[in-house]
Amino acid sequence: MSERIDQLRAEFERDLAAVEAEAGATALRDRWVGRKSGVLTAEMKRLGGLAPEERRQVGQLLNELKTGIEAAIDRLSGEFAVRREAAQLAAERIDVTLPGRREVAGHLHPITLLRQRIEDIFVSMGYQIEDGPEIETEFYNFDALNIPANHPARSRQDTFYLSERLALRSQTSTVQIHAMQRREPPLRVIAPGRVFRRDTPDATHNPMFYQVEGLLVDRGITLGDLKGTIEEFVRRMFGPQTQIRFRPSYFPFVEPGAEIDYSCFKCGGSGCRVCKGSGWIEMGGSGMVHPNVLRGVGIDPEIFSGFAFGLGLDRLCALMYGLDDIRLLYENDIRFLAQFR
Amino acid sequence: MKISYNWLREMVETRLTPRDLATRLTMAGLAVDAVEAVGDDHVLEFDLTSNRPDCLSHLGVAREVAALEGIGLVRPSTNLAAVATKTIELTAVEVLSPELCPRYTARLIRGVRIGPSPEWLVRRLEALGQRSVNNVADITNYVMLETGQPLHAFDFHQLRGRRIVVRRAHVGEQMTTLDGELRDLTPEMLVIADAERAVAIGGIKGGEDSGISAETVDVLLEAASFVPGQIRQTSRALGLATEASYRFERGVDPLGVLDAADRACTLIVAIAGGEVLDVAIDVFPGEAALRAAENPIPFRAERYRALTGLSVDIGEASRILGMLGCRVLPGADGESLSAVAPTWRIDIRIEEDLIEEVARIAGYDLLQTTLPGSAGAGAYLAGEEDRRAIRRLLTNAGYHEAVSFSFVNVGLDALFSTVDESQRMLLLDPIDETQSHMRTTLLGGLFRALEHNFNHGSRNVRLFEIGKCFIGHEGEDGRPREVERLAIAATGARHELDWQNSSARLDFFDLKGVVESLNEALGLPPFGFRSIGVDSHHPALYPGRLYPGWLHPGRAAEILLGGRPVGQLGQLHPHIAGQGRMKQAVLLAEIDLAALLNSTRPESRYHPLPKFPAVVRDQAFLIETSVSCDSIISAVRDLNLPNLVDVRLFDIYAGRELPAGSHSLALTFIYRADDRTLTDEEVSAAQERIVACLRNAFNAELR
């Protein structure tokens, strides 16, 4: 009888080796251990005709064979399932190097980027951001700023007039006057905004540009406070290694006045193309608020003193981003605008 | 302005090299832009501030160097031999316009030989960019560069009547200047005339037929002072700027006039020969006013400390001011002084000016760095948080920020604006005649930017700008209202980077979505939208308001906030798009930013999360296309069904099998009660009411 078992086992091994697809595994199971027509099922039924002793022996052998066959088929099916799943996933393969789905990012204007940075620094230093009109009277644009009656800046060559009395402001210093008229000292003001001068556009000029004006009025304010404030600003703006120097200069609304230079953010002061070899970059004008300006807005210069400073954003923009032609700033070419962050 | 290092050293023996001197002067307020080696000399190129005309000469700069280094100053020498004949015997000077000419002096030099200048003189002038003409003319230039006093030499025998009259030009008077140009003069201009005619434009340029020529034997040398304002105006009016006008319009010391004349006479005699008649004619009507202006200015050590943060020794301050030419009077307390500024320092008038002088000569590098004590918290401009939120939202949505000029082409502006001509502001002297009006809308600038981008090959363009527009003249002193606006423009691909949807183009609803999301970003209640196109531009419907003709009449909406119009949104009219050669749809919106920033925001309040599930019903209606989605949803809302919590559009279908002029609107209705799960019957009853309502109101059929 055991020969019969060996024969069955060999036959199954042959069948098993011949299976090539998952369906074959199911057919194999039906053929060998299927409830109705399975080969082993038929063999089991035949056991009834054997003597009890032999039935027990053969039954055991058949059961062992059946367990082995079922395990082999399960193993085979499992392998097919794994292969099927793997093939399925392989078929779902995508090209992960294809671009992601998103909107093209828009960008802020470089002037806005710089203005916001500067505002953030000064707000953290206790300054209030203020705004003023772009169209001003001669009083705010010149008289209140102590600009002499015959000063060239007042001429129609230099300033855009809209009428006898009204002009496009030629400096954000006008906001100083509005701020001091509105509020009592102590005050700390930063005024960014557009200003206008009758310059024909070229690589370094536009008839419109942006300035940031600073003003601080309090008791006991000195040139040293101005220097310390500017130093703090440039170090936050350009890095802690930045140096500044003050040169005497003239602006009608300050006295004493100073031009501020800061050490080049590119080369650190050794001289490069950005700073034209000097190691220094001009930041802008500054000084102690002129007593005539203070008196004009009803502040007693013997009790209060203050400093003011101004810087040009367009030039700063050109230096920081390496612009060779500032006309690009107001052409709104998206190939230009998309470059800044 | 150029200064020769060697020439400077004739007056002050500086210990500094040309480069070190340039740095020293720069740090003292006389900015040197460049140092250039010329032969055995160095030329320093200055960029002087307008308050320091006293330094427009070698003598002026030498004075600064002497003060900075604490060393002596040697003035240019004069040496005139005694001559028996007096100037007054041969000529006369009459100043008829003392208000324009505070001082006029004349000297006569007889028997000069006009010829080329000696080589040293030619070289010196050329090093400073001046061309040599002849010996006498060169000497007048040389002395101007040396002392800062412009001079003019007349051929004495060309002066009719042998006299000088300083007067205003006559109406219609003309004169040919040395450059050969015939000049039309006006009575606002000052001329130097002889007995008959103008022979020079005072302080600006000499006349052609009274100048020095090879035949000149006797020279009348003019050294005078002129009022700066008149020189500036005349120079501008004639378009004629000269070395002389440059100096006079900034201010020349009236007390240096005679020294300069004597110095020039000394050089003329030495180089061109001749003799100088005795005693210059000196008409000085401005002398009294000049003397009256010489007031002692106080200087307190305490005030110095208060403004600079530095202490000062009053003796040191006195020494510095003295070196600069001030007459210093000591104060009684040893902690103050007073100083009379020299007449060449027109910029020194008050104590703060003296403080700057002492501080800059002592050196600004002595300044300490201190920080002012705290005085309260900083703050952004009102609304800045919202502006930043808007900028963030729009850049995230793919919009680049544009910045355009505040002045524009009026034709372009008018295309996008309903502002009346009388409400516009225009520049009197624009740089570009075509850009002469203040903008009344931001859309003109954005349209121009779209065109620019199109012309440079960019077809997918999204831009926004935040800025001011200028309308009317009702403000103080005739100022316009400056209105802050937000404008948005978009055209091209809807999803530029999406390779699976590359053909989709932006349309009205893309920009509307952006506008709607502004509310979310700012925490405002939702905008309303009202068609302002074909069905509403009738004046009876919108009295006093103009239909925005720049928009497509079927695709234009007014943006409402709290029921009030705050802007417009729509597709650019194809006619205008065509002008910019844009064939694709261009979407535009402009919103009054102040209305957004100033509107009150509903506070965020917590609502308990629902405890019972919602019942959702979708239903499609066949309805005429002229019925707006808004009116349907409003009609449903107005039923006030107790458990209907939301209704919204989820699909529109317009197939050919539908009746013409109709489409199918699919709506989602969401029902929920707070206290129980709703039954099917309850919801169906509500739906029936909706169906009936829409049938009655809009003839809508259930599909």
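Trainee: What distance separates the centres of domain 4 of chain B and domain 5 of chain B?

Mentor: This is a predicted model, where local features need pLDDT of at least 70, side-chain atom pairs count only at pLDDT 80 or more, and totals for chains, interfaces and linings use all residues. Residues are numbered from 1 along each chain as written, chains are lettered from A in the order written, and side-chain values use heavy atoms, without hydrogens and water. The assignment, automatic or from a database, puts domain 4 at 384-597 and domain 5 at 615-702 of chain B. Taken over C-alpha atoms, their centres are separated by 35 Å.

Trainee: How much area do chain A and chain B bury between them?

Mentor: Buried area is the accessible area (1.4 Å probe) that two parts lose on being put together, summed over both. The contact (heavy atoms within 4.5 Å) takes 95 residues from chain A and 90 residues from chain B. Carbon and sulfur atoms carry 56% of the buried area, which is about 7800 Å².

Trainee: How many salt bridges does the rule find across the interface of chain A and chain B?

Mentor: A salt bridge needs a side-chain nitrogen of Lys or Arg within 4 Å of a carboxyl oxygen of Asp or Glu. Arg479(B) and Glu136(A) meet this way at 3.1 Å, N to O. Across the interface the count is 11.
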